[in-house]
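Dear colleague,

Please find below the sequence and the structure for your records. My findings follow directly after them.

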Amino acid sequence: MTFEDIYKTYWQKIFRLCMGFMNDKDLAQDLAQETFIIVWQQLPKFRNEASIGTWIFRIASNICLRQIENEKRIIRVDLPMNLMEEKQSIFEPQIQYLYKCIAKLPETDRIIISLELEGIKQVEIASIVGLSEVNIRVRIYRIKEKLTQKFKLYGQQY
Amino acid sequence: MDNNIDFKDLWAKQTISPFNTNDLFSKLNRLKRTSLRKLIIANVLLIATCVFIMFIWYYYQPKLITTKIGIVVCILAMVIYLFAYNQFFPLLKTIDYKQSNIEYLQDLISIKTKQHFLQSTMLRLYFIMLSSGLCLYLYEYSLMMPTFWAILSYTVTLAWIGYNWFYIRPKIIKKQQIKIDDLISKFENVKRQLQDE
């Protein structure tokens with residue numbers, strides 16, 4: 001697989017993972033790009049020990065976690081008001097609400113649920129995060145329960 | 001709203017920023033340049049200072065052993081600082097992004113702990129060596145001066161050293177430690193999320 005192929009295949013998935021973590025389009029794009037910079041640098045060393053997907057998701061989720069270091073910078077980012085409005089109008093309220101709920105979860109839960117919603121197998125999620133498969137299954141169940149409850153409340157409100 | 005919400009479907013409906021390869025590669029080049037520039041500036045400055053001190057030794061031919069020891073201690077201080085500083089950069093670069101999240105967090109924590117040590121201990125060592133080297137170096141030249149000037153030059157030098165030791169150094173260390181301590185605790189918090197079961 002060439003870098004171009006990887007970029008085309010995984011860009012959307014990685015972008016959504018970063019978006020689940022940050023809930024901010026510009027920052028998600030920055031993180032996704034950073035992921036592909038590392039992928040580009042490391043690709044010659046990739047030796048098929050893991051599937052390429054697991055490999056890329058590990059890099060992306062670690063970059064998201066590393067982002068904690070720059071949190072202060074994030075808060076300072078000021079977006080022009082009209083840009084914010086334009087962004088909000090693109091999103092359907094439900095999608096927006098889902099990403100908002102996910103972004104409020106603890107950091108590692110954000111990664112786990114994002115990978116699950118991306119359709120990654122639970123064995124793979126376990127290997128990306130470094131927990132057992134059972135543990136991952138339990139966590140996913142709990143996170144989904146939380147999300148469902150929040151959506152029920154949301155449904156009552158609107 | 002339906003009770004069985006299809007989160008996967010909602011998730012996938014998210015609009016995606018289009019990918020742009022040119023943007024990506026320009027970013028890559030910029031990153032490479034800035035980290036390299038920082039490393040070069042620190043090295044060049046300190047090496048230039050060492051060369052300058054060596055030049056003084058060669059040109060003025062000091063007679064006393066104290067002067068020579070002073071010069072060696074000053075140079076050693078800078079070399080040790082440089083060594084520590086240069087060691088830290090590869091540490092950050094070699095961090096393995098391909099590890100699982102839990103291993104990666106552990107790595108981040110240990111790197112930050114090392115940085116903590118390097119910054120406080122190395123800075124202290126650097127200041128002590130540089131100050132004592134300077135005092136020793138000054139001795140030979142103060143012997144050649146009238147007493148008043150000798151006392152004055154030592155007073156000024158010691159005052160300068162004192163200012164650096166008691167004001168500048170704690171300020172630098174405090175600023176760095178607050179930032180690093182905060183980061184370490186954040187990373188540890190995240191790691192704990194994975195361990196609490």
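In this predicted model, buried residues account for 36% of the 158 residues in chain A. A residue counts as buried if 20 or more other C-beta atoms, placed from the backbone, lie within 10 Å of its own. Chain A has nine helices and zero strands; helices are DSSP runs of H or I with at least four residues, strands runs of E with at least two, numbered from the N terminus.

The largest nonpolar core comprises 46 residues, and A:Ile14, A:Cys18 and A:Ala60 have the most contacts inside it. Such a core is a set of buried Ala, Val, Leu, Ile, Met, Phe, Trp, Tyr and Cys residues joined through C-beta atoms within 7 Å. Helix 1 (residues 3–22) of chain A contributes the most to this core, namely ten residues. Leaving aside residues up to four places away in sequence, A:Ile14 touches A:Ala32, A:Thr35, A:Ile56 and A:Ala60; contact requires C-beta atoms, placed from the backbone, within 7 Å. A second, separate core of seven residues includes B:Ile71, B:Cys74, B:Ile75 and B:Ala77.

Between the chains, the contact involves 47 residues from chain A and 33 residues from chain B. On chain B, the elements that give two or more residues to this side are helix 1 (7–12), helix 2 (21–60), helix 4 (101–143) and helix 5 (147–195).

Residues are numbered from 1 along each chain as its sequence is written, and chains are lettered from A and ligands numbered from 1 in the order in which they are written. Local features need pLDDT of at least 70 and side-chain atom pairs count only at pLDDT 80 or more, whereas totals for chains, interfaces and linings use all residues.

Yours sincerely

How values were computed
Two residues are in contact if their C-beta atoms, placed from the backbone, lie within 7 Å. A residue is buried if 20 or more other C-beta atoms lie within 10 Å of its own, exposed if 12 or fewer, and partly exposed in between; C-beta atoms are placed from the backbone.
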